[in-house]
Amino acid sequence: MFTRRLAIPLALPFALALCAMHLPGFAQTFPSRPVTLVVPFPPGGGTDTGGRVIAEQLGRRWNQPVIVENRGGAAGQIGADYVAKAKPDGYTLLLGNIGTQAINPLLYAKLPYDADKAFAPVSLVAELPLAMMVHPSVPAKTAAEFVALAKSKPGQMSYSSSGAGGAPHLAAEMFKDQTGSFILHVPYRGGGPAIADLLAGHVQLSFMTVLEASGHIKAGKLRALAVTGDKRVPAFPDVPTLAEGAAPGFNAISWIGLLAPAGTPQDVVDRIAADVRAVLADESVKARFIGLGGVPRATTPQEFARLIGDDRSRYAQIIRSRKITVE
């Protein structure tokens, strides 16, 4: 009898704690321990660079470490799958990009997770215009000059990308299609390795986010010929858009955003989204993103979900018209 009476009061606090995790007030105590931010690409790329900025700022706001964990491979599928199968409590987040969320479901017949049901979109973090960059040994000083050079050497020029089917790859294919140039594609497992071989001169061209390339451009190690958005980038106001010269009407940008495993309590998702908005409203954080070449932009979870859907529809048309496939 004594044992039964003692067991009930001992068990009660644990039961109440478990129930509290599913009550609307749970987000008020989030986070009470370190949060892991999974970047599904190797270190050094644009997604990784942006992820470290937002992780640092959220860590300060939460007074808890936000640990960046790189799980690269399979065009982001390995890291995305890890988060898709993580406990849905807000303590494991994905820094997805346009490739992992909008493009991969179009290119791969079978993903290890259901792209439509595995994640709860939280917030966009930044738009990432791409830069068309060449190794300094390339004589072209403008995008139009590069097109002329590539046409004079068909099949002898090559470009690196962060992976087959990613936004930089599709932007390059759009550029080739619109300018009628033939440039060989050399895919890598992430933006870091792709830039490394461009820096070494093993390839002549890359389309990479300005965020991951800005340091190399400012140091004179790479030459930016153009940017791919519909307007110039504040970090490089003297670099024209492709639409201004070689490819009228051209517009292709990437983005990064936070996602949680499906089933994460909505109040936790909303809390994280609100904190992202607060962090990105800070002028010093804005300046940091802009200085790197990104455009900070927070959204509601619903707005982020719509953006993913809209981009998936847009890139479906590009992939069909170019007959782009991956192994």
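The exercises below, each with a worked solution, concern a predicted model of a protein.

Local features are reported at pLDDT of at least 70 and side-chain atom pairs only at pLDDT 80 or more, while totals for chains, interfaces and linings use all residues. Residues are numbered from 1 along each chain as its sequence is written, and side-chain values use heavy atoms, with hydrogens and water left out.

**Exercise 1. Overall form**

Task: Compare the radius of gyration of the protein with the value for a compact globule, and describe its extent and secondary structure.

Solution: 
- Step 1. The radius of gyration is taken over C-alpha atoms, and the globule rule is 2.2 Å times the number of residues to the power 0.38.
- Step 2. For 327 residues a compact globule would have a value near 20 Å; the protein has 22 Å, so the two agree.
- Step 3. The C-alpha trace spans about 95 × 40 × 30 Å along the principal axes.
- Step 4. The secondary structure consists of 11 helices and 10 strands; helices (H or I, at least four residues) and strands (E, at least two) are DSSP runs, numbered from the N terminus.
- Step 5. Contact means heavy atoms within 4.5 Å. Of the contacts with a separation of 6 or more, 78% are accounted for by residues 24 or more positions apart.

**Exercise 2. Surface and charge**

Task: State what share of the residues is buried, and describe the accessible surface and the charged side chains.

Solution: 
- Step 1. Buried means under 20% relative accessible area, exposed over 50%, and partly exposed in between (1.4 Å probe, protein chains only).
- Step 2. Buried residues make up 53% of the 327 residues.
- Step 3. The accessible surface comes to about 14,500 Å², and 57% of it belongs to carbon and sulfur atoms. Areas come from the Shrake-Rupley method with a 1.4 Å probe; for residues, only the protein chains shown count as cover.
- Step 4. There are 32 positive and 25 negative side chains, with the centres of the two sets 3 Å apart. Lys and Arg count as positive and Asp and Glu as negative, without His and the chain ends; each charge is placed at NZ of Lys, CZ of Arg, CG of Asp or CD of Glu.

**Exercise 3. Nonpolar cores**

Task: Which residues of the largest nonpolar core touch the most other members?

Solution: 
- Step 1. A nonpolar core is a set of buried Ala, Val, Leu, Ile, Met, Phe, Trp, Tyr and Cys residues joined through side-chain atoms within 4.5 Å.
- Step 2. The largest such core has 52 residues, and M132, F146 and L242 touch the most other members.
- Step 3. Beyond its neighbours within four places in sequence, L242 has contacts that include M132, F175, F207, V227 and F250.
- Step 4. Another core of 33 residues lies apart from the largest one, and V35, L58, L95 and V279 are among its members.
- Step 5. In soluble globular proteins, nonpolar side chains tend to be buried together.

**Exercise 4. Helix α8**

Task: Which residues of α8 are buried, and which elements do they pack against?

Solution: 
- Step 1. Helix α8 covers residues 210–218, and V210, L211, E212, A213, S214 and I217 are buried in it.
- Step 2. These buried residues pack against α2 (46–62), β4 (119–134), α7 (191–199), β7 (205–209), β8 (223–227) and α10 (283–292).
- Step 3. Just after α8, G220 takes a positive phi of about 80°.

**Exercise 5. Backbone exceptions**

Task: Where are P31, N63 and A75 placed?

Solution: 
- Step 1. Most residues other than glycine have a negative phi, and most peptide bonds are trans.
- Step 2. The bond from F30 to P31 is cis, with omega near -10°. P31 is in the loop between α1 (2–20) and β1 (35–39).
- Step 3. N63 has a positive phi, near 60°. Its place is the loop between α2 and β2 (66–70), and N63 counts as exposed because its relative accessibility is 68%.
- Step 4. A75 also has a positive phi, near 55°. This residue is in the loop between β2 and α3 (77–84); at 28% relative accessibility, A75 counts as partly exposed.

**Exercise 6. Two residues and their surroundings**

Solution: 
- Step 1. S32 is in the loop between α1 and β1. With 54% relative accessibility, S32 is exposed.
- Step 2. Leaving aside neighbours within four places in sequence, S32 is in contact with Q64 and Y91.
- Step 3. T47 belongs to helix α2. Its relative accessible area is 8%, so T47 is buried.
- Step 4. With neighbours within four places again left aside, T47 is in contact with V39, F41, L95, N97 and I256.
- Step 5. T47 and T29 are 18 residues apart along the chain, and their C-alpha atoms are separated by 29 Å.
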